[in-house]
Amino acid sequence: MNEIRVEFIGRFRELFKVKSISFPVDSSISLLKLVEELGKKAGVDLVSHFLSPRGESMDEYSLIILNGNPVDLTRLDEYDVKPGDRVVLSPSVAGGG
Amino acid sequence: MKGYAGKYLIVDLSKGKTSVGRVDESMALNYIGGYGFGARTLYDMLPNPAQVDPLSPENVLIWWTGPLAGTLSSAGNKYSVFAKSPLTGIFGFGISSGLFASEFKSAGWDGIVFTGRAEKPVYLMVDDDNVELRDASQLWGRTTWETEEMIKEELGDESFTVASIGPAGERMVKLANITNERNRQVGRCGLGAVMGSKNLKAVAIRGTGDVEVADIEGLVRFVADLNERCQGPATEKYRIYGTPANILVHNKLGCLPSYNFQRGTFEYAEEVSGEMMLKTHVKKIIACAGCPIACDHVNQARELYSGAISSVDYESLALLGPNCGIGSLDVITKAVEICDTLGVDTISAGNVVGWAMECYEKGILSKDEADGIDLRFGNGEALLEALRRLCLKEGKLGNLLAEGVRRASQILGRGSERFAVHCKGLEWAAYELRSLQTSTLGFAVSNRGADYLRSGSYQVDVKGQVDRLRLDRSRGKIVYEGENLYAVIDSLIICKFTRGIFKSADELARLYTLVTGLSMTGEQIIKAGERIHNLARCFNVKCGISRKDDYPPPRAFEDPLPDDVVKGAVIKREEYEEALDGYYECRGWSKDGIPTKRKLLELGLVKEAEEVGVEA
């Protein structure tokens, strides 16, 4: 199974028009690379949903969950994603009115 | 000083008399408004709170706006209500929004203090300076929605805004809330029951005056910038899906409470998600007065309970849905409608019914004790009937649930206390206990009980900034800083949905100064937040609160989560103790959770240092 399972929530579901996709890979890639490749697929600058032009975290806006755990968006290039992993792209949590 | 009306109304319900109190500059600078004013007046008016029965005439019911209400400040039209809570027996507090606060201030009042008890049902009409207690006999027994319509008709003017209680408040159900403009509530702590105990059915306000601000040109420029930021990415989540957007992301993180917090995921999450709701049930998205965000998603049921209408936010959705095993938006829409019209808090109601369902499935609550209702998880009809009985205190089940989960579990016994999910008697909101552990610390040390609105400490958990499945000493500082900031936000009072658009506390202080003309720095305003938090804690200490009360329920320590993504997650006691120590250390409190004299004196709380403070 040389695939990464990518699920979309909220605005990302609208962007990709599906709830999830299987992203084929031969070996592990960085999370940043995965986001860049997904962006190319959708024809959008997907990285800008997670990082500001100055490289600051946009975690007030978006989250990435890797195998059930939220990741630090400023370190996207440090996370390795490998076949069989599950990645969720989601708007951030909206609580506390 | 501008922004403030400078006066508040005092209503002695026993004598049917009114008088006027003054808000001075010292009060304004030290306590800001809202939460701060509530803490100050509740502490002063109930000097021996442990001796006061919350449902007796000796309790007080205090309403405050903040300095921003009635001005053009973004999302600042909110009001707050305070009393000793009949649900928790400690500091009771709730905030609501809509148009009510704007009318309140335009009528020329910062607040209202009710004392005593009316002989027969009354409602208070405030029409600028014209204030009158009017007969409410014909309104008694009416729903909140009917009450609002009937009062407007009686007063002959649609522009009156009305805050009222439903039949639940009249019956002094401990979960009773106060509703204004149909869908906005002072939800938590059972303050609607205090209103009911005073025979006070409603408050109707119309204001025609202006609210003066100190620097109108500066304020216009500043608010224009804030409003532009409110259209940016930080608030997009609220504008499109509203808070129900949380359902799917919480489900993916294993922090969506389901089946009375037995699990952190829900197999029907997609069916009750914000995405699904927007597609199939949302009929209207509305905003509170002066709010550039507009988060309120009003649902209409489609097939089951056709015609049912309610405003469904994440907390209501999660507690009345997954927490009760319900995977139908029609049922949830109807359930919220029942709570809103009869007048109970959806969070507490969904929590206590979830508890009853677990008791029923485990054979602890018999079918007879459930009034013959088949109270299984996922049974929508059973949920709706249980809610109706709870609101009306009907039958064995209704009378049991009307007490709230802590007292209900004490009454039922048989080990059911072990899975009553609350802190200090306030039912836990929809953030899972074991998979968001900084959040759990924040809930448990809160002044109001299990409170999702006092520190925002869940944010570091969901953003991956900490290991959310562990605790350590450093989490205390996160909660401490969040609480001080949120005390400012709840005193100004602004909507927490705008918190992401303020760049710093300096901006909050600047907004305060532009409105009031009173000099304030970011450091000073955060210090005011710390003062306010400590004052409310002092009230609680007088009610008997200490370290022993600052713990999450047993489930957090004893029942590992079964869900895949967070399998086995549980809070380790030694880690929790360490985090709690870290929190008290930041606060300058004793190891037993009591504010020290030194800290209280540093905050200018001299009387409190003498009455409550302990030596370091």
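Me: What makes E2 and E5 of chain A the edge strands of the sheet?
Reply: In this predicted model, the open sheet of chain A has five strands in the order E2-E1-E7-E4-E5, with mixed pairing. Two strands pair if DSSP finds at least two bridges between them; strands are DSSP runs of E of at least two residues, and helices are runs of H or I of at least four, numbered from the N terminus. Strands E2 (20-24) and E5 (69-70) of chain A each pair on one side only, so they are the edge strands.

Me: How do you know that E1(A) and E2(A) pair?
Reply: Five bridges join strand E1 (residues 3-8) of chain A to E2(A), in the antiparallel sense. The definition requires at least two bridges, so the two strands pair. Glu3(A) stands opposite Pro24(A) in E2(A).

Me: Why does the radius of gyration of chain A agree with that of a compact globule?
Reply: The radius is taken over C-alpha atoms, and the globule rule is 2.2 Å times the number of residues to the power 0.38. For 97 residues the rule gives a value near 13 Å; chain A has 13 Å, therefore the two agree.

Me: What share of chain A counts as buried?
Reply: Of its 97 residues, 38% count as buried, that is, with 20 or more other C-beta atoms, placed from the backbone, within 10 Å of their own.

Me: Which conventions apply?
Reply: Residues are numbered from 1 along each chain as its sequence is written, while chains are lettered from A and ligands numbered from 1 in the order written. As the model is predicted, local features need pLDDT of at least 70 and side-chain atom pairs count only at pLDDT 80 or more, whereas totals for chains, interfaces and linings use all residues.

Note on methods:
Buried ≥ 20, exposed ≤ 12 C-beta atoms within 10 Å, placed from the backbone.
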